[in-house]
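Please read the following points beside the sequence and the model.

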Amino acid sequence: FVLTWCFTLSAQDFMEVSPTLKPVNHDPALEATWDVQFNYDATAITGAAGNAGAVYIPTINKFWTSRWATGVAHQWNANGTLDLEFTLPFTGTRGMCFDGQYVYHSTNTTTVQKVDPVTRTVVGTVPVAGAPNGFRFITYNPDGNSGAGSIIGGNWTSPNLNFYEFSMTGTLLRTINSTVTGVY
């Protein structure tokens, strides 16, 4: 498993970071949706495979990755060096997202775990029972629920391939129809 973080950068962003370098492609229609900015082999560094979730937490300037078959998680410095390994009081994190304060873990169940990134403790949960197969993948939508924020997720278990949007307290806001398999 090779952990790759991707960020969208425009030619303008590129120029602001490095004004001496010129972007090769000046046509915005031909720009890549995602540009790989760095790539680290988490398996080689942590000594184990099964690293499924990844999230950047700007408030602590760290990345977290999870080992989905356990409660083990890793905290990485922004330069890609392993900062620490810690164990969460739940297992199976498949995906994570950050709402500006907390990290939300999808664990392939109908309960999303809410974790404080500073103390690394569970501070709550969000029920997603309206998603028939629970959440395997997750993302945060700051504009969702009329600006109060929402989480969107789902589980690629056939025949239910839909995405579900929930308020931060667990109210089903909408179902997004999907026929795509293997979504993470």
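1. Aromatic pairs. Two rings of Phe, Tyr or Trp (for Trp, its six-membered ring) are taken as a pair if their centres lie within 6.5 Å, with planes under 30 degrees apart counted as stacked, over 60 as edge-to-face and the rest as tilted. A search of the whole structure on these terms returns four aromatic pairs. One of them is formed by F135 and F166, whose ring centres are 5.7 Å apart and whose planes stand at 70 degrees, so this pair is edge-to-face. It links distant parts of the chain, since F135 belongs to the loop between strand 10 (121–127) and strand 11 (137–141) while F166 belongs to strand 13 (residues 163–167), 31 residues apart; helices (H or I, at least four residues) and strands (E, at least two) are DSSP runs, numbered from the N terminus.

2. Basis of the values. This is a predicted model, in which local features need pLDDT of at least 70 and side-chain atom pairs count only at pLDDT 80 or more, whereas totals for chains, interfaces and linings use all residues. Residues are numbered from 1 along each chain as its sequence is written, and side-chain values use heavy atoms, with hydrogens and water left out.

3. The protein as a whole. The secondary structure comes to two helices and 14 strands. Buried residues (under 20% relative accessible area, with exposed meaning over 50% and partly exposed in between, for a 1.4 Å probe and protein chains only) make up 40% of the 184 residues. Among contacts, meaning heavy atoms within 4.5 Å, those with a separation of 6 or more include 39% between residues 24 or more positions apart.

4. Where does the pair of point 1 stand on burial: is F135 buried or exposed? F135 is buried, with a relative accessible area of 0%, and F166, at 1% relative accessibility, also counts as buried. Leaving out residues up to four places away in sequence, F135 touches a list of residues that includes S106, N108, V112, V128, I151, Y164 and F166.

5. Nonpolar cores. A nonpolar core is here a set of buried Ala, Val, Leu, Ile, Met, Phe, Trp, Tyr and Cys residues joined through side-chain atoms within 4.5 Å. The largest has 13 residues, of which Y104, V112, V128, F135, I138, I151 and F166 touch the most other members. Apart from it lies another core, of 11 residues, with V55, I57, F86 and M96 among them.

6. R136 and W156. A charge is said to sit over a ring if NZ of Lys or CZ of Arg is within 6 Å of the ring centre and within 35 degrees of the ring normal. R136, in the loop between strand 10 and strand 11, has its charged end over the ring of W156, 4.3 Å from the centre. The side chain of R136 also makes a polar contact of 3.3 Å with that of N155; such a contact is a pair of N or O atoms within 3.5 Å, where within protein one must be able to donate a hydrogen and the other to accept it, and residues adjacent in sequence count only if both atoms are side-chain atoms. With a relative accessible area of 13%, R136 is buried, and the residues that R136 touches beyond four places in sequence include R94, S106, G154 and Y184.

7. R120 and the backbone. R120 lies over the face of F86, at 5.3 Å from the ring centre, and is placed in the loop between strand 9 (111–116) and strand 10. Its phi is near 60 degrees, a positive value in a residue other than glycine, and R120 counts as partly exposed at 28% relative accessibility. N145, in the loop between strand 11 and strand 12, likewise has a positive phi, near 55 degrees. A reader checking the backbone may also look at the peptide bond from S158 to P159, which is cis, with omega near 10 degrees.

8. A48 and R67. A48 is found in the loop between helix 2 (42–46) and strand 3 (51–57), and R67 lies in strand 4 (residues 62–67). Their C-alpha atoms are separated by 8.3 Å, although A48 and R67 are 19 residues apart along the chain. R67 is buried, with a relative accessible area of 13%.
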